[in-house]
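Visitor: I have a structure open and would like to go through some of its local features. Can you walk me through it?

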Amino acid sequence: MDKGEIAKKARILQTKTDLLALLNEIKADDLGEKGYPFVLRQINYYCNPKNTKGRFVTFAILKKSGGIRNIAAPSNGLKMLQTYLNVILGSLYTPSSHVMGFVKGRSVITNASRHLNQNYVFNIDLKDFFSSIPQARVWKRLQLPPFSFPQEIANVIAGLCCIEMIVQDEQGQVRTKYVLPQGAPTSPVITNMICDTLDRRLSGLAARFGLNFSRYADDITFSSLHYVYSENGAFRKELKRIVEGQNFTINEAKTRLQKKGDRHEVTGLIVSDRVNVSRTYVRNLRSLLYIWEKYGYDAANEKFVYYYLDDKPASSTCMPNMVNVIEGKLQYLKMVKGGDNPVYLNLYSKFELLQYIYHNKDNGEEQSMSDVESMLHQSSMSVEGVVAQWKNRDIFSITGTLLNECKRSVSPLIVKKVAASLMAYLSASLVNNIKKRAELQWYMLRDINDAMNGQPRTRKIDGEEEKIHRPKLVVAFLKQFTSTENLKYTTHTWERMIDGKYKWTDFDQFFHSYESELKDKTGSGIPIFDIYNCNIHLYNLVRNFLLPPSKEEYPWQTDYGLKLSYCTPEGVIQNWMKENPDKQPMEIPLSVFPESYRPKQRVQGQTLVDFRDVIDIFKNAIEYRDDNLYWDVSDIFKLTDFSLDDSVLDTLSGITFYTDTILVREALKIIADNIIVRPQHRHLKVQAIRGKDGDQKYVSLEILHVESFSNKSLDDDKLQLKGNKGQLSAVKQKLVSLCDFSVESRFRKGDEMGDYRIDYLYSEEVNAEPRVTKLDAPAEGFKYILKFYL
C-alpha cells in the first residue's frame, strides 16, 4: 500500500478492531507470508502502561556532555506494533519545513546548512525532552487535525506509545507519570506532532527578528548576521515565554551563543562557508590509520580502545570493533563531504589497503616477537620456552614463571611492564576475533597486579572464542554467596555477634574481607577470575557490583542501567557507615546517593527505596528464586497466541537454582521467536523435571512444541551450527556455562526420517561437534532441553 491509501484508511478508523485490521494489512504488505498477524490480545496488553512486564527494557547510556540518557527500548512484540503504527502516523502527518530531525530526506546536514555564513549562531536545548511529554498530551493531540482520531483510537495509540516512569516535575518533586519514552520507534514522530505549535510560534519569532530557525529533536538553533541575543533582551524573553508556554523547559546549562570569529557548530557539524566535520574528527581518523600502517593493527587497536572507552561507559561485553567503527566514521565523512572529496578518497583508499593486508597476511607474530624477545633477556626464560607454553594455551602459567624469574633481578615496576607486554602479545597471538582480543587484553592488563601479589593460577583458553562450558563451576561459584564467611553478607543481612556488635566496624574492613574471598586469595574457593572464560556477562555483573568498576559510571545491571553498587559512586557507603556505625550497607536510603546515580524509573515494577532493593535486583540476576522462573516462562510465551498446558507449567513453581537469569531470559525469548514462526501447531508444553547424575542434582527445563517436527537433514548447516548462524546457535551462545543444551525431534538421516537428540552444550569444549543420538521413543514434537545443575 502507498502512503495515500494508508492515510485514507486511517481517517475512517473507529475501533480497536479497525486499527488491528489496518496494522495487519500493512504488516502483510511489508512481510508477505512471513508476517504473522497481530491479535487483539496483544494490543489490549501493550496499550495498558500499567502492564510493566514485557513492554519495555530500560537502561542508561552516557551522553557526550557527561550526563546520563535514559533509554526505554520496547520488547520485540511492542516494537513490531509501534513500527507499523509509525507508518500510519507518518501517512497522515508532515512536519513543517523547520523540522530537521526524524524526517525522510532531512538530516543533521540539512539542519546545519540552514545556518551557513552567519555572524551569530544561538543554540538552546529542551530539558528532558521526551519524558516531559505526558501521555495525556499525546492522547489529546491525536484527536486534533490532521489525525482527528476518535477517543477509543487515541486511547489505544497513546497507551501503546507511552511508559510509566519516575520523573521530576517543575517544583523538583519526583513522581511517577505516564510519558513518552526515548527509544520507541513512534516517539520521534510524536514529538514532532506535539511540537507543531512550538515550531509555528518559533518560526514567527524568527521572522519577527530576522533570524534563521531550525529544530532537530530537542536541539533548537537560530542564526543571523545581526545581534539580538542579549540575555535580558526582547528575543530571549519572548523565546523563554514561548517555550515554557508549550510546557517545555530550556536547559540553561546547554544554552550557547557562538559569535563572529568563533567556530560555529550545529548538531555536531561545523558551519562556516560550507558544512563540514571538525578538524579533530579527520585528525583522529588519520592518526589511527597512520599507526595501523606504521606499527600494525594491534598498536592502532590499543590506542583506539583507550580513546573509545575514555568517553563511553566501560563494558567488556561491548568492546568496540575498530574496523567497523573506522568504516562507519568514513561513511559519515562521505555523507558530509561527498563521495568525490579528496580527503575522504585518500583516507578510504588507505583504509581499504590496510584491511586487505590485515585479512590476507598473517604477520602478527613477526611484528611482535622482537619486542617480547628484548624483554625476556632480563630473565632466564627463552622465547622458545614461552612459545612452547603458549601453544598449550596456558598463558597464566607462562606469566607466573616469567614473574618468578624476573623478580630475582629486576624491580617490580619492570616486572609489571614485562608481564603486561607479554600478556598483550600472547592475547593477540591466541585470538583472531578482534572484539574478543580487546576483551582479553583488557582483562589481563587490569588484573596483572593480582598476578604479582600472589601465585598466578593456571587458566586454559579453549576454542576460538576463548570460552569454556563449565556450568557446574559457575553454580559452585555463585553458591559462595550463601556459604562463605564474608562474601555471603554482600547479599544477606548482617548478623550481630555475642556482644551485640557487627563483625565489621566500617565498610573498608567489610570490603577487604569479601574481596579476599571473591578473588580467592586463600586458595580455598573459586575465584571470580575463573568465571571470565566461562561467562563474561556473569563475570561483569558480579565484578562491577562488588568491586570498583573499570569506569566510574559503569552500569553493572545493563538491563536497567543501574550504576549503584558497593563501590559506585566511590566513598558514599564508606562515609554513610562512618556517620551511622551501628548500621549496615543495605539500610542506606537511596536518597543518600547523588541524584545522577539514582534510577529515574521503576525497576522490575518497583520503586527502589534503599540499597536493600538494589541488592535484591542483584540476587534476582544470579538466582531463580520463588516463582520467578514460572513467571518468566509465562510472560515470554503467553503472547505468542499458543496454548500453554497449565498442568505441566505448574512444575516450574518454586524452582530455585543459581544462574545468569538475564541470559536465560534472553535465550527463552529466542526460543519463543523460533516457535512463533511455526504457527501450524499451537500447543506448547513447558515443564521442569528434577533428576540426578550420580551425586549431582539437576533440573531440566523442557519446552515442547507439540507435533511440530523438523524436516531438515541432520547434516543441515543450521542444525550443525556451522558459521554460528541461526537461532539455535544464538540460544547456545547465551547458555554457555549456564546449562547443558539439547534438542529432540524428528530429523532426516539420508533418505529416512528418524527421532534423534542433538546435544549442543555437553562438554567443556564450547565448539565441540554437536552430538547426535537416536531416541528410544518417538519424538512428540520439537523439544528444547535446558539442563541446569543445582
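**A walk through the model**

Guide: Start with helix H27, where Leu629, Tyr630, Asp632, Val633, Ser634, Asp635, Ile636 and Phe637 are buried. Buried means under 20% relative accessible area, exposed means over 50%, and partly exposed is in between, with a 1.4 Å probe and protein chains only. Helices (H or I, at least four residues) and strands (E, at least two) are DSSP runs, numbered from the N terminus.

Visitor: What should I know about the model and the numbering?

Guide: This is a predicted model, in which local features need pLDDT of at least 70 and side-chain atom pairs count only at pLDDT 80 or more, while totals for chains, interfaces and linings use all residues. Residues are numbered from 1 along each chain as its sequence is written, and side-chain values use heavy atoms, with hydrogens and water left out.

Visitor: Now the strands. How many residues of S7 are buried?

Guide: 6 of its 6 residues are buried; S7 runs over residues 219-224 and is mostly covered. Asp219, Thr221 and Ser223 point one way from S7, Ile220, Phe222 and Ser224 point the other way, and all are buried.

Visitor: Which way does S3 run against S7?

Guide: Antiparallel: strand S3 (residues 120-125) is joined to S7 by 6 bridges. Two strands pair if DSSP finds at least two bridges between them. Phe122 has Phe222 in S7 as its bridge partner.

Visitor: And how many bridges join S6 to S7?

Guide: There are 5 bridges between strand S6 (residues 212-216) and S7, and these strands also run antiparallel. Asn212 has Ser223 in S7 as its bridge partner. S6 and S7 form a hairpin with 2 residues between the strands, and in that hairpin Ala217 takes a positive phi near 60°.

Visitor: What about the sheet with S9, S10 and S11?

Guide: That sheet is open, has 3 strands in the order S9-S10-S11, and its pairing is antiparallel. The edge strands are S9 (265-266) and S11 (275-276), each of which pairs on one side only. Strand S10 (residues 269-271) is joined to S11 by 2 bridges, and Val271 stands opposite Val275 in S11.

Visitor: Switching to rings. How many aromatic pairs are there?

Guide: The count comes to 46 aromatic pairs. Rings of Phe, Tyr and Trp (its six-membered ring) pair if their centres lie within 6.5 Å; planes under 30 degrees apart count as stacked, over 60 as edge-to-face and the rest as tilted.

Visitor: Give me an example.

Guide: Phe545 and Phe611 form a stacked pair, 6.3 Å centre to centre with 10° between the planes. This pair links distant parts of the chain, with Phe545 in helix H24 (residues 536-546) and Phe611 in helix H26 (residues 611-622), 66 residues apart. Phe545 is buried, with a relative accessible area of 0%, and Phe611 counts as buried at 0% relative accessibility.

Visitor: Which other ring does Phe545 stack with?

Guide: Phe618: the two rings are 4.3 Å apart centre to centre, with 15° between the planes. Phe545 in helix H24 and Phe618 in helix H26 are 73 residues apart, so this pair links distant parts of the chain. Phe618 is buried, with a relative accessible area of 0%.

Visitor: How do H21 and H24 sit relative to each other?

Guide: The axes of helix H21 (residues 471-483) and H24 come within 12 Å and cross at roughly 20°. That makes H21 roughly parallel to H24. Angles under 35 degrees count as roughly parallel, over 145 as roughly antiparallel, 65 to 115 as roughly perpendicular and the rest as oblique. Axes are lines fitted to C-alpha atoms, for helices over the stretch in contact, and angles run from 0 to 180 degrees between N-to-C directions.

Visitor: Is Phe102 buried, partly exposed or exposed?

Guide: Phe102 counts as partly exposed, at 41% relative accessibility. Phe102 is not a glycine, although its phi is positive, about 65°.
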